[in-house]
Number of protein chains: 2
Amino acid sequence: MRDVAVIGVGMTKWGELWEKSLRTIFTETALLALDDAGVDTIDSMVVGCMSSGLFVGQEHLGSLLSDYLGKNPAPAARVESACSSGGLALRQGFIEVASGLSDVVLVGGVEKMTDVTGCEATYALGTAADQEYEGYHGLTFPALYAMMAVAHMHKYGTTREQLAQVAVKNHLNGSKNPLAQFPFKVSMEAVLSSVLVADPLRILDCSPITDGAAALVLCSLETARKRKKPFVRIVGSGQASDTIALSSRKDFCWIESTQIAAQKALSMAGRKVEDIQLFEVHDCFTIAEIMITEALGLVKKGRGGKAVEDGLTAIGGKFPVNPSGGLKAKGHPVGATGVAQAIEVVKQLRGEAGERQVKGAKRGLTQNMGGTGGSSVVHIFEAD
Amino acid sequence: MRDVAVIGVGMTKWGELWEKSLRTIFTETALLALDDAGVDTIDSMVVGCMSSGLFVGQEHLGSLLSDYLGKNPAPAARVESACSSGGLALRQGFIEVASGLSDVVLVGGVEKMTDVTGCEATYALGTAADQEYEGYHGLTFPALYAMMAVAHMHKYGTTREQLAQVAVKNHLNGSKNPLAQFPFKVSMEAVLSSVLVADPLRILDCSPITDGAAALVLCSLETARKRKKPFVRIVGSGQASDTIALSSRKDFCWIESTQIAAQKALSMAGRKVEDIQLFEVHDCFTIAEIMITEALGLVKKGRGGKAVEDGLTAIGGKFPVNPSGGLKAKGHPVGATGVAQAIEVVKQLRGEAGERQVKGAKRGLTQNMGGTGGSSVVHIFEAD
């Protein structure tokens, strides 16, 4: 396998982008990434998108987006793994460059979620769960994560305030990210008094519905080295599956797919989690971030709540988690999220993260997750 | 890049499978492929599916199908390129094995299309076209291909009878395929008098709505050689994109993405089209097969109608096309089609195609296409 580098990143402001269609959002973002890389010709593109069929009535995204970006006849693939579709796109692009088949690959992620009603969006997102069992019984994702939160609180004594602290931390980070959908701080009191969605989760425990896209340009290390601009290497990639239904898991408090994917990525990189200085993880709900910090091995099982309370995962802490603001503040256009996580890590490793810069960061990790952890994708990046 | 082999194939009877769900159809098929390969452990799986979101309200197929097949925590990806989703899955699996990241990869395709009404199915399939332009104006796929047929008839003098001959030939082949949805012959008269769908295309010019799945087991050539069973090599893979909207094409009669994908695959294989003895191509409508035979270079531009009329593409002709019965008779579960094409080629090259065996076949080609040719994927296989 060849070594792979990221030579360009592109992202526009996320939010409720009613004046722009899916193809426009993607194309603007992809052009920024190509411009950042100083590249015009690509060998191939891979786009992550969860459910453009249900959100905007459009499949065949590879053809559509290659067409609108002006890159025909380049091969274009769309990949899907629910909310980890972006991470999967990155992995497929990584494999394609590593294989030697392609030298320059554009990796993108996109989701246009606000063209439908809230009910329709909840239905579309629910297709990441087991429709014949979980969907049939009326379970939505806030309900599923609420059950995980209740289990974690019961088993480990995690508190309502510790959940809220995840939102407070990530909004503080997000307030320094101009591209975030909600770039403002929230107080502990605001989280605790926000409207109840699925007990114990309140609206400020939940990531939002977002329109957005993100794009990266990958190439072989050899090609990256011929250029004068700084770049970042992808040194590890891991992916794993778990049961799609939460009810089939041995332990509601443990995200095994993340633990296994991280183990694979670390093993490929020849690193331990202690060697990594920043983490972009899938905080679709506050409880998710707590469970992910445990699955990644940043803290012991059951200690994720205490870790955020103690500031371990804040910028300036031992393991800064979600310096970008995470899904919580930055927004969560589901197909784009995994790609945007990589963008944050690349910007941090290039020292371009402004007010939210993690000082001296040499390595970063992204963790992107589908459903309640039915799939996880982890990547490790290193400054060259 | 490492060399890649196909060591197992699996397919069940296609049709209106109302008693089985998507997960069941896929799992039965995947187990057959694993059994054929004599393999239990896989490193990864890739599944092609066009629109499970719209057809059965289920995304996150990687997690679902890995779960039901009992292959967790193996990484599982779902890929989509409209009706060429199966071909794309094969290509992604090929790249993954070629890269060295995985040694044994299960490649599958699946679509469950009959759980919705005909109108809903037409809408779901229509998401392969440009929704903002073609969809907005009410264009469906029969209408789009009807325009291509009219253009071809006008430009090259292709006749109504030549279109019908594609259906007659493919149903004759399909009558020898027990897994086909419609394993029976149709007469020229039956095609010409069948109900009109979109002038000049009649119902027997159109591939059907089908439930079905197909699966392959890929591995490295090195691993394949260690076994005692015969196997088939994948010697070429090509993919290309074109405009998603038919109206943006320079020539309505020319499928450029197929021509380019074939050129890439042949170049990788170091072969010419004359070196290949059988072709499984994307005859979603009779006119499509005629145009594909031209784009592949089996005949000159505009001569595809004459070729089928003269028997050039029949079993026993110079270039046998769709010995399996094609999409026309075998059925067209859109995500599975590209994988099933590969199964037919593998069976032919292993000499296991029974009554429809193309004698002495050493090499075969598959051509899978999305929309009106917005994407094409071509693979070339060789008996070891």
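This is a predicted model: local features need pLDDT of at least 70, side-chain atom pairs count only at pLDDT 80 or more; totals for chains, interfaces and linings use all residues.
Which residues does B:Leu216 touch? Leaving aside residues up to four places away in sequence, the contacts of B:Leu216 are B:Val6, B:Gly8, B:Val9, B:Ala33, B:Leu90, B:Val107, B:Val339, B:Ala342 and B:Ile343.

A word on confidence. Chain A has a mean pLDDT of 98, and 100% of its residues reach 70 or more. For the complex, the predictor gives an ipTM of 0.97 and a pTM of 0.98.

I come now to the relation between the two chains. Chain A is superposed on chain B by a rotation of 180° with 0.0 Å of shift along the axis, at an RMSD of 0.0 Å. The two copies are therefore related as by a two-fold rotation axis. Which residue of chain A comes closest to that axis? It is A:Ser99, whose C-alpha is at 1.9 Å from the rotation axis.

The contact between the chains takes 53 residues from chain A and 53 residues from chain B. On the side of chain A that touches chain B, at least two residues each come from helix H2 (52-56), helix H3 (61-69), strand E3 (76-80), helix H4 (85-99), helix H6 (131-135), strand E8 (232-241) and helix H11 (256-269). H4(A) gives the most to this side, with six residues. Sorted by class, the side of chain A that touches chain B holds 19 nonpolar, 25 polar and nine charged residues.

Why can one say that the copies meet through the same surface? The reason is that 100% of the interface residues of chain A are also interface residues in chain B.

Strand pairing also crosses between the chains. E3(A) and strand E3 of chain B, residues 76-80, run antiparallel and are joined by three bridges. In this arrangement A:Glu80 stands opposite B:Arg78 in E3(B).

Within chain B, E3(B) also pairs with E2(B), here in the parallel sense and over four bridges. B:Gly48 has B:Val79 as its bridge partner in E3(B). The bridge partner of B:Ser44 in E4(B) is B:Val105.

Strand E2 of chain B, residues 44-48, is mostly covered, with five of its five residues buried. In a regular strand, side chains alternate between the two faces of the sheet. In E2(B), B:Ser44, B:Val46 and B:Gly48 point one way, B:Met45 and B:Val47 point the other way, and all are buried.

Let us return to chain A and consider E8(A), which is among the elements that supply the side touching chain B. Eight of the 10 residues of E8(A) are buried, so this strand is largely enclosed by the rest of the structure. Which strands pair with E8(A)? One is strand E1 of chain A, residues 4-11, which runs antiparallel to E8(A) and is joined to it by three bridges. Another is strand E11 of chain A, residues 375-383, which pairs with E8(A) in the antiparallel sense over nine bridges. As examples of individual partners, A:Val4 is bridged to A:Ile234 in E8(A), and A:Val232 is bridged to A:Ala383 in E11(A).

I shall close with two individual residues. B:Ala265 lies in helix H11 of chain B, residues 256-269. Is B:Ala265 buried or exposed? With 25 other C-beta atoms within 10 Å, B:Ala265 is buried, since the cut-off for a buried residue is 20 or more. Residues up to four places away in sequence aside, B:Ala265 touches B:Gly236, B:Ser237, B:Gly238, B:Val378, B:His379 and B:Ile380. B:Ala265 and B:Gln239 are 26 residues apart in sequence, and their C-alpha atoms are 8.0 Å apart in space.

A:Leu201, in strand E6 of chain A, residues 201-202, is buried, with 25 other C-beta atoms within 10 Å. Among its contacts are A:Pro142, A:Tyr145 and A:Phe285. A:Leu201 and A:Phe94 are 107 residues apart in sequence, and 36 Å separates their C-alpha atoms.

Notes: Residues are numbered from 1 along each chain as its sequence is written. Chains are lettered from A and ligands numbered from 1 in the order in which they are written. Two residues are in contact if their C-beta atoms, placed from the backbone, lie within 7 Å. Ala, Val, Leu, Ile, Met, Phe, Trp, Tyr, Cys and Pro count as nonpolar, Asp, Glu, Lys and Arg as charged, and the others, Gly among them, as polar. Two strands pair if DSSP finds at least two bridges between them. pLDDT is the predictor's confidence in each residue, from 0 to 100. Copies are superposed by least squares on the C-alpha atoms of residues with pLDDT of at least 70 in both. A residue is buried if 20 or more other C-beta atoms lie within 10 Å of its own, exposed if 12 or fewer, and partly exposed in between; C-beta atoms are placed from the backbone.
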